[in-house]
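Visitor: I would like a friendly tour of a protein model. Could you walk me through it?

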Amino acid sequence: MAMSGPQKTVVQLVGVVVLMGGLAWASVPFYNWFCRVTGFGGTTGVAEQAPDDVLDQIVTIRFDASKAKDMPWEFKPVEREMKVRIGETGLAFYEAYNPTDKPIAGQASYNVTPYSAGGYFQKIACFCFDEQVLQPGERVEMPVTFFVDPEIVEDPEAQYVHTITLSYTFYEIDLPEGYAALEAQADTNTN
């Protein structure tokens with residue numbers, strides 16, 4: 001059975017809409033993967049350990065902290081900057097404080113500048129890998145362990161980078177299920 005002109009056009013348009021929807025759905029995971037692999041947009045890498053090769057070259061790491069508009073926490077780096085040798089493991093801390101009277105969950109997004117250093121800035125461990133829950137009045141120091149990959153000196157765009165800024169932005173997320181149930185129970189008991 002052959003399709004008439006209008007039917008064929010409708011089928012083609014539906015096909016285009018389905019194809020475009022599929023591409024839009026796949027674009028976010030693909031973009032995230034691309035950024036992690038290439039360091040595009042200042043996305044950092046993740047490593048299990050620092051390399052054995054530590055160079056004599058020093059790089060200054062600056063630490064920056066911000067919060068989303070609705071995030072009630074206080075959040076700041078403990079140290080504003082440190083100097084490390086390329087390939088050397090660094091350890092820095094950020095401090096978060098929940099001044100409210102209820103538990104608040106947060107997640108940190110991050111990047112480094114200049115963007116050309118993104119693929120060479122490697123995190124071994126970081127508070128940003130997991131969601132954080134702070135109880136009312138709780139203050140915590142959260143660590144990040146990192147190194148700058150010695151391969152940075154071979155990259156024509158990044159080899160002259162002497163200062164890298166690591167930036168985190170904390171934003172509020174929904175409490176994990178166990179915490180949300182406790183909070184609902186506490187609200188019921190007070191009413």
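Guide: Let's begin with a term: on a 1 Å grid over the protein atoms alone, a cavity is a set of points where a 1.4 Å probe fits but cannot get out, and lining residues have an atom within 4 Å of a point. Grid points are joined across faces, edges and corners, and a volume is the space filled by probe spheres set on the points. This is a predicted model, where local features need pLDDT of at least 70, side-chain atom pairs count only at pLDDT 80 or more, and totals for chains, interfaces and linings use all residues. Residues are numbered from 1 along each chain as its sequence is written, and side-chain values use heavy atoms, leaving out hydrogens and water.

Visitor: How many cavities of 30 Å³ or more does the structure hold?

Guide: The largest cavity has about 30 Å³ of space. With the cut-off at 30 Å³ or more, the number of cavities is 1.

Visitor: How many residues of the lining of the largest cavity are nonpolar?

Guide: Val59, Ile86, Val148, Ile152, Ala158, Gln159, Val161 and Ile164 line the largest cavity. Ala, Val, Leu, Ile, Met, Phe, Trp, Tyr, Cys and Pro count as nonpolar, Asp, Glu, Lys and Arg as charged, and the others, Gly among them, as polar. In this lining, no residue is charged, 1 is polar, and the nonpolar ones number 7.

Visitor: Is Phe75 buried or exposed?

Guide: Phe75 sits in strand S3, residues 74-77. Its contacts (heavy atoms within 4.5 Å) beyond four places in sequence include Tyr94, Phe127 and Tyr168. Because its relative accessible area is 10%, Phe75 is buried.

Visitor: Which residue's backbone oxygen does the side chain of Asn98 reach?

Guide: Asn98 belongs to the loop between S5 (90-97) and S6 (104-113). Asn98 is buried because its relative accessible area is 0%. At 3.3 Å, its side chain reaches the backbone oxygen of Gln135.

Technical notes
Helix = DSSP H or I, 4+ residues; strand = E, 2+ residues; numbered from the N terminus. Buried < 20%, exposed > 50% of the residue type's maximum accessible area, 1.4 Å probe, protein only. Polar contact = N/O pair within 3.5 Å; in protein donor to acceptor, adjacent residues only side chain to side chain. 1 Å grid on protein atoms, 1.4 Å probe; cavity = no way out; pocket = protein on both sides within 12 Å on 5 of 7 lines; lining within 4 Å.
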